[in-house]
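Thanks for coming. I will go through one model this morning and stay with what can be read from its coordinates. Please have the sequence and the structure in view.

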Amino acid sequence: MRGCVSAGMCVVLEAAGLIPAFDRIYGCSAGALNGAFTAAGQAKLATRTYIESASRRFIDGRRLLRGRPIVDLDLLFDELVAHKRPFSSTGLANGPEFRALAVSARTRQLRVLSDLRSPGDALRAVRASCAVPLLNGAPQNFRGERLVDGGFVESVPYRSALRDGATHVLVLRSRPAGYRLPPHRTFEQLAMNVVSPKLVSLLRTRPARYNSAAHELETLATAAPSGPSVTQVTVPEDCRLVEHVSTDVRQIRACIQVGEAAVAAFLERPEAPLEAAA
């Protein structure tokens, strides 16, 4: 649910008419959902999806007692997105190219899912990018491969953009710039070992990868422009952020506004270049 912050960020970029400045949009997990809607010219619909899914139908910790996932991705993708809020095929065809990050459940290698110009392909790729065993279900099949959440390897997908040759990258983060991910708790690792043993090592080492990326992003923001330009938009250090599995609609709305305000403040900076973003 914390993805509602970056969803709000995308709304302001779209309202300002800046999405055509980007050649490509990368997204991981909830960020993939936001990225697909934004690539399709429907950023506002992403925020509505967070609000509409904030209920016990979507998130219910009691389901664990029955051996079922806490988060119901079937409700999100088969009802709220596929039928009530479908991606625009025209928007996907004409907007920036959208790519979603996922991880192979078999090899534990990162996959950057591309060629997602149809709503069906985009929907399946986003769902694969969101799949976390125990939290929301089993790995998802996409083009013959079982995939899980790309955040196991690359939570903030700017490095994939750089590997693909991007010269200018704008990173939208739902955390303050100084945030660092603490170690995952022992019971989380034990639970993952039960449902998906191959992913335990990725879960254990994820904080180190995330924190390395967060440090690098802070460094790149102040570095001399000798290579690709990487700029991040973050939220204030003192803001109250919604929990991952919250169903508090009031707080979700507030965090959407936090994201909107963060991008608005960024765009007001005289040194905020978006003319050649990629």
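Y210 is buried, because its relative accessibility is 11% and buried means under 20% relative accessible area, with exposed over 50% and partly exposed in between, using a 1.4 Å probe and protein chains only. Before going on: this is a predicted model, in which local features need pLDDT of at least 70 and side-chain atom pairs count only at pLDDT 80 or more, while totals for chains, interfaces and linings use all residues. Residues are numbered from 1 along each chain as its sequence is written, and side-chain values use heavy atoms, with hydrogens and water left out.

Now the overall chain. The secondary structure comes to ten helices and seven strands; these are DSSP runs, numbered from the N terminus, with helices being H or I of at least four residues and strands E of at least two. The radius of gyration is 18 Å, close to the 19 Å from the globule rule for 278 residues, so the chain is as compact as a globular protein of that length. That radius is taken over C-alpha atoms, and the rule is 2.2 Å times the number of residues to the power 0.38. The C-alpha trace spans about 55 × 40 × 40 Å along its principal axes. Of the 278 residues, 51% are buried.

Back to the rings. How many aromatic pairs does the structure hold? There are two. The rings of F37 and F87 have centres 4.8 Å apart and planes at 70°, so this pair is edge-to-face. For the cut-offs, rings of Phe, Tyr and Trp (its six-membered ring) pair if their centres lie within 6.5 Å, and planes under 30 degrees apart count as stacked, over 60 as edge-to-face and the rest as tilted. F37 is in helix 2, residues 30-39, and F87 is in the loop between helix 4 (73-84) and helix 5 (89-94), so the pair ties together parts that are 50 residues apart in sequence. F37 is buried at 0% relative accessibility, and F87 is buried at 6%.

The rings of Y179 and Y210 have centres 6.0 Å apart and planes at 80°, so that pair is edge-to-face. Y179 sits in the loop between strand 6 (168-172) and helix 8 (186-195), and Y210 in helix 9 (residues 200-222), so to speak 31 residues away, which makes it a link between distant parts of the chain.

S246 is in the loop between strand 7 (229-233) and helix 10 (249-267). S246 is buried, with a relative accessible area of 11%. Its side chain reaches the backbone nitrogen of D248 at 3.0 Å. Leaving aside neighbours within four places in sequence, S246 is in contact (heavy atoms within 4.5 Å) with M1, I59, Q251 and I252.

A54 is in the loop between helix 3 (43-52) and helix 4, and A54 is buried at 12% relative accessibility. Not counting residues up to four places away in sequence, A54 touches M1, T247, V249 and I252.

Terms used. A polar contact is a pair of N or O atoms within 3.5 Å; within protein, one must be able to donate a hydrogen and the other to accept it, and residues adjacent in sequence count only if both atoms are side-chain atoms.
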